[in-house]
Amino acid sequence: MWNEPSAGVVVAESEDALRLPQPAVVDRVEPDSIGEELGFQPGDRLLSINGVRPRDLIDLQFLVGEEELTLEVQDPDGTIHQVELEKDADEGLGLAFTEALFDGLKQCNNHCPFCFIDQQPPGHRRSLYVKDDDYRLSFLYGSYLTLTNLSAADWQRIEAQRLSPLFVSVHATDPGLRERLLVNPRAGLLLEQLAWFQARQLQIHAQVVVCPGLNDGAALEQTLQDLSRFGAGDWPAVLSAAVVPVGLTRYRPDGDGLVPVDRDCARRVIAQVEPLQARFQMELGSRFAWLSDEWYLMAGYPLPPRDDYEDLPQEGNGVGSIRAFLEAMDEATGSLPASLDSPRRVSWVVGQLVAEALQPAVDRLNQVEGLEVLMHGLPSPYWGQEQVVTGLLTGSDLLTGLRERDLGEELLLPAVMLRQGQPVFLDDQTLESVAAQLPVPVDLVYGADDIVAACLGR
């Protein structure tokens with residue numbers, strides 16, 4: 001194993017004794033940046049900074065914070081050279097890289113029966129089946145981890161580099177129940193791990209995936225109560241807890257014992273959590289425990305008002321994301337023209353679960369004379385789900401669901417359907433191939449402003 005100093009790996013004279021991270025490969029260079037001034041180009045490989053080879057973007061950010069740097073760089077043709085420079089402290093190089101991790105991904109060692117990765121059909125690209133459980137990606141991008149695969153060195157690094165907050169999939173705080181849910185004896189250490197965060201003034205956001213009959217009811221109440229005990233004080237160890245429904249697909253194994261969330265279950269969970277929110281508000285000054293939007297949509301209830309979500313601490317987990325989007329649509333449609341010079345008919349595709357909640361935004365757009373927006377809320381035959389959020393729609397769902405529908409003259413396609421910004425859907429179909437099979441052009445939209453501009457033809 002290679003040594004782990006505070007940031008990166010010190011490059012020894014003989015590299016045979018070390019298992020070194022891979023070089024950081026430049027993906028793009030920001031205009032007018034130090035990197036552009038130094039002549040960096042996509043494909044260049046950053047080997048080390050001041051004699052230290054970074055393991056990931058976190059190391060790299062620490063290392064480039066120095067005022068004097070010596071960079072070891074390898075050109076695409078294999079030529080290695082050194083670059084020395086002086087800059088202001090904490091000024092970046094203006095480089096983006098092809099990967100966030102240069103020493104490999106820490107994968108999951110759990111066997112949760114409700115794991116969405118395991119509920120996919122075989123035969124697609126390998127990246128769809130990778131189970132990320134890496135604390136560094138949690139810190140960088142807010143992905144959830146379970147804390148079950150961390151080594152002593154990982155814990156030391158989290159403390160030394162103050163990697164906080166992290167995002168932790170809790171599911172249950174009862175040690176035996178969490179061990180059963182994750183099928184991992186190390187899962188029962190969670191409360192000790194939360195105490196570790198608390199003692200070091202490090203913080204997490206928590207997630208509870210509710211599986212009816214397993215960790216709902218009394219178990220859910222205990223979980224939220226236990227987490228709230230770490231949510232008090234000037235520096236709470238647990239900043240928030242998101243409660244989300246389990247997602248089940250038609251590809252899951254037979255006899256897994258899992259039950260999908262239905263309307264009655266959604267109403268029971270809401271009735272259970274909302275009183276706890278009121279209590280936490282009095283005790284902690286925050287609602288603390290958050291219900292994802294899906295609970296309200298499945299229950300047939302209206303979404304809570306925007307103020308109930310405070311500063312949206314779990315928006316990335318679907319808590320208040322629809323309400324925030326509707327707020328953004330309100331702003332984007334605040335100064336609509338009375339009419340269009342040339343009539344337009346466009347369609348907008350969303351998941352069937354969210355279509356009703358988004359209808360007011362469509363109604364507002366359709367008040368513009370000469371504009372007609374057709375919203376199509378689709379189910380997902382691919383996953384075997386009638387009520388599905390937009391981000392889970394696949395290429396085959398679009399082709400099946402939009403067949404023989406009126407698409408107007410253009411289809412607005414939310415970019416959230418594509419895999420991590422790549423032009424590929426979750427079923428491995430490419431945007432290009434799907435677009436070629438649709439009768440109208442496709443306009444990829446990224447948010448409220450994009451949608452309004454596309455509807456108005458700007």
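Trainee: Is Ser 138 buried or exposed?
Mentor: Ser 138 counts as buried because its relative accessibility is 0%. Buried means under 20% relative accessible area, exposed means over 50% and partly exposed is in between, with a 1.4 Å probe and protein chains only. Keep in mind that this is a predicted model: local features need pLDDT of at least 70, side-chain atom pairs count only at pLDDT 80 or more, and totals for chains, interfaces and linings use all residues. Residues are numbered from 1 along each chain as its sequence is written, and side-chain values use heavy atoms, with hydrogens and water left out.

Trainee: Where is Ser 138 found, and what is it in contact with?
Mentor: Ser 138 is in helix α3. Helices (H or I, at least four residues) and strands (E, at least two) are DSSP runs, numbered from the N terminus. Leaving aside neighbours within four places in sequence, Ser 138 is in contact with Ser 143, Leu 145, Leu 166 and Phe 167, where contact means heavy atoms within 4.5 Å.

Trainee: And how far apart are Ser 138 and Trp 196?
Mentor: They are 18 Å apart in space, C-alpha to C-alpha, and 58 residues apart in sequence.

Trainee: Switching to rings. How many aromatic pairs does the structure hold?
Mentor: It holds 10. Rings of Phe, Tyr and Trp (its six-membered ring) pair if their centres lie within 6.5 Å; planes under 30 degrees apart count as stacked, over 60 as edge-to-face and the rest as tilted. One of them is Phe 97 with Phe 102: the centres are 6.3 Å apart and the planes are at 65°, so that pair is edge-to-face. Phe 97 is buried at 13% relative accessibility, and Phe 102 is buried at 4%.

Trainee: What about Phe 116 and Trp 383?
Mentor: Their ring centres are 4.9 Å apart with planes at 55°, so they make a tilted pair. Phe 116 lies in the loop between β7 (95-97) and α3 (135-141), and Trp 383 in the loop between β13 (369-378) and α12 (395-401), so the pair ties together parts that are 267 residues apart in sequence. Trp 383 is buried, with a relative accessible area of 1%, while Phe 116 is partly exposed at 25%.

Trainee: Which residues do ring pairs link into a cluster?
Mentor: Phe 116, Tyr 251, Tyr 382 and Trp 383.

Trainee: Okay, strands. What does β12 pair with?
Mentor: Strand β12 (residues 339-351) runs parallel to β13, with nine bridges joining them. It also runs parallel to β14 (residues 411-414), joined by two bridges. The cut-off is that two strands pair if DSSP finds at least two bridges between them. Have a look at Trp 348: it stands opposite Met 375 in β13 and opposite Leu 412 in β14.

Trainee: Now helices. Why does the span of α8 agree with what it should be?
Mentor: Helix α8 (residues 263-284) has 22 residues, so at 1.5 Å a residue it should span 32 Å, and its end C-alpha atoms are 30 Å apart. The expected span is 1.5 Å times one less than the number of residues. Among the buried residues of α8 are Cys 265, Val 269, Val 273 and Phe 280. The buried residues of α8 pack against α7 (218-228), β10 (238-245), β11 (289-291) and α9.

Trainee: And α10, which of its residues are buried?
Mentor: Ile 322, Ala 324, Leu 326, Met 329 and Ala 332. What covers them includes α9 (293-299), α11 (352-365) and α14 (448-456).

Trainee: Last topic, backbone. Which bond is cis?
Mentor: The peptide bond joining Ser 164 and Pro 165 is cis, with omega about 0°. Pro 165 lies in the loop between α4 (152-160) and β8 (166-169). Most residues other than glycine have a negative phi, and most peptide bonds are trans.

Trainee: Which phi values are positive, then?
Mentor: Gln 201 is one of them, with phi near 55°, and Glu 404 has a positive phi of about 65°. Gln 201 is in the loop between α6 (190-199) and β9 (204-210) and counts as partly exposed at 47% relative accessibility. Glu 404 lies in the loop between α12 and β14 and is exposed, with a relative accessible area of 81%.
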